[in-house]
Amino acid sequence: MTNSTDLSALEKRLWDAADQMRANSKLKSHEYSTPVLGLVFLSYADYRFQNKAEEIGLDADPDDFMAEGVLYVPEKARYSELLKLPEGANIGAAINEAMNAIEAQNPDLAGALPKMYNRLDNSLLAGMLKSFTFSDISAGLQGDAFGRVFEYFLGEFAKREGQLGGEFYTPQSLVKLMVEIMEPFHGKIYDPACGSGGMFVQSARFVEQHQRSAADDLSVYGQEKTSETARLARMNLAIHGLSGDIKQGNTFYEDLHASPGKFDFAMANPPFNVKGVDKERISNDQKRLPYGTPSTDNANYLWLQYIASSLNSGGRAGVVMANSASDARGSEQLIRQRMIEDGVVDVMVATSSNLFYTVTLPATLWFMDKGKKGTPREDTVLFIDARNTYQQVTRAIRELRDDQVELLANIVNLYRGEADKLDDKHGTAAKMTELFPDGQYRDIAGLCKVATRAEIAAQGWSLNPGRYVGVEARAADDFDFGVRLSELNEELETLTAEAHELEARIGENVRALLERQEGGPA
């Protein structure tokens, strides 16, 4: 296994090299991610190709490489050939030709790779090519280390590009949690807001960790509104040896995969609280909106239904959603009630703030399971409060540790009656025994609670975990003022943000009422 210190050092070294492009090129700050990721892709694709060629031979049929989950790299696109270019050669044009050659050989990548290197100076490109020569820096690194470098770069660009970056990247630890709870072992997996494809990559990694072949067992289907981000997703899949059907289109108005009832798994981190969706264009989309069209100008309950309706009769889904959706009123409350009555909602997880690079507010993870009908869980929902589950990475950013992800997933496994699936890869067995001494699920104040449909109805059909889980009991001598003050301050920030959102909604409703009055009776 790769030493994390070695990998971190490599990531920093490569990022410093990438920063040279930002400092010395004519590209705007939000533009230089594309050529950098393209070079990382090209170098790593050739690195994997050369390693496989040592096993099966350079003259092997391209299909033999593809069968091994490795892109076939034509001779003119090989990194070693680019490094041999003589002084004075047009390096930018050569890299563009290399990208074209890879696309011609690998139809899944047609139109996906960047080809704007002719806009960059030769001296800058020569330095970048040397910096990203993975064959020279691979000592001590194993497995999917360079795939992780690609993900690291995606994350770093997301941090630096602000809201633009947030559109294409979901933090890895959050995706890990979703995948561990969903368990996408095999079948068709769908993401209608797929960004750069990180959820697909983590799903594949989950499959591989369970000694199965992701290339054989998973079929990937994604849709993404932005063409540049859709290209990133295809590159990200390819660099991890995955193929997928990634289409560009606006999911609100185009269902390019004919999704209803089609998929075994669905995952998404859609943009929160989108306004301005044309209700006329979606009013007849009853297959994708089986629980109704929300009257409010907010797309959260469109996304939730696009995900739910895409599942087959045994399908599971995970969605990252704004906290406000759990308690939304009006037409959204009615839709939520119908979803709960239909038995599709299975697990709700409240997460900490600051897990995202571009949004400070906490989010809630919704897990759906159409296969729970006819099981003891049919009439229940598991609520988990993980707002205090995180590690502080920087002052502004938090993440979930692997042991924290494992613990939360193990709680879900107990709830499902699947104690045989409990993991201890990250040392959570002792904690699980402490929390669940008889090896059976039980409610724990401040952490988890199973609520029946009747209990949820009594709470106005709220799916906010905080309403059900309660507060952890504290011994008097175990009180930590600093910790408690931090918790209260975080809760105040969350409530303040939600109050501002509610204030805005009230303002919109008042304006609408005044407009109706001014218009007079219909």
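**Exercises: cores and a helix pair**

Tyr441 touches Leu382, Ile411, Leu414, Tyr415, Phe436, Cys448, Lys449 and Val450, leaving aside residues up to four places away in sequence; contact means heavy atoms within 4.5 Å. A note before we start: this is a predicted model, where local features need pLDDT of at least 70, side-chain atom pairs count only at pLDDT 80 or more, and totals for chains, interfaces and linings use all residues. Residues are numbered from 1 along each chain as its sequence is written, and side-chain values use heavy atoms, with hydrogens and water left out.

**Exercise 1.** Find which residues have the most contacts inside the largest nonpolar core.

*Solution.*
- Start from the term: such a core is a set of buried (under 20% relative accessible area, 1.4 Å probe, protein chains only) Ala, Val, Leu, Ile, Met, Phe, Trp, Tyr and Cys residues joined through side-chain atoms within 4.5 Å.
- The largest one has 53 residues, and Leu382, Ile384, Phe436, Tyr441 and Cys448 have the most contacts inside it.
- Helix α16 (residues 402-415) gives the largest share of this core, 8 residues; helices are DSSP runs of H or I, at least four residues, numbered from the N terminus.
- Apart from this core lies another of 43 residues, including Tyr47 and Leu232.

**Exercise 2.** Work out how helices α2 and α12 are arranged.

*Solution.*
- The axes (lines fitted to C-alpha atoms over the stretch in contact, with angles from 0 to 180 degrees between N-to-C directions) of α2 (residues 33-56) and α12 (residues 227-239) come within 10 Å and cross at roughly 20°.
- Angles under 35 degrees count as roughly parallel, so α2 and α12 are roughly parallel to each other.
- Among the residues making the contact are Phe41 and Tyr44 of α2 and Leu232 and Met235 of α12.

How values were computed. Buried < 20%, exposed > 50% of the residue type's maximum accessible area, 1.4 Å probe, protein only. Helix = DSSP H or I, 4+ residues; strand = E, 2+ residues; numbered from the N terminus. Parallel < 35°, antiparallel > 145°, perpendicular 65-115°, else oblique.
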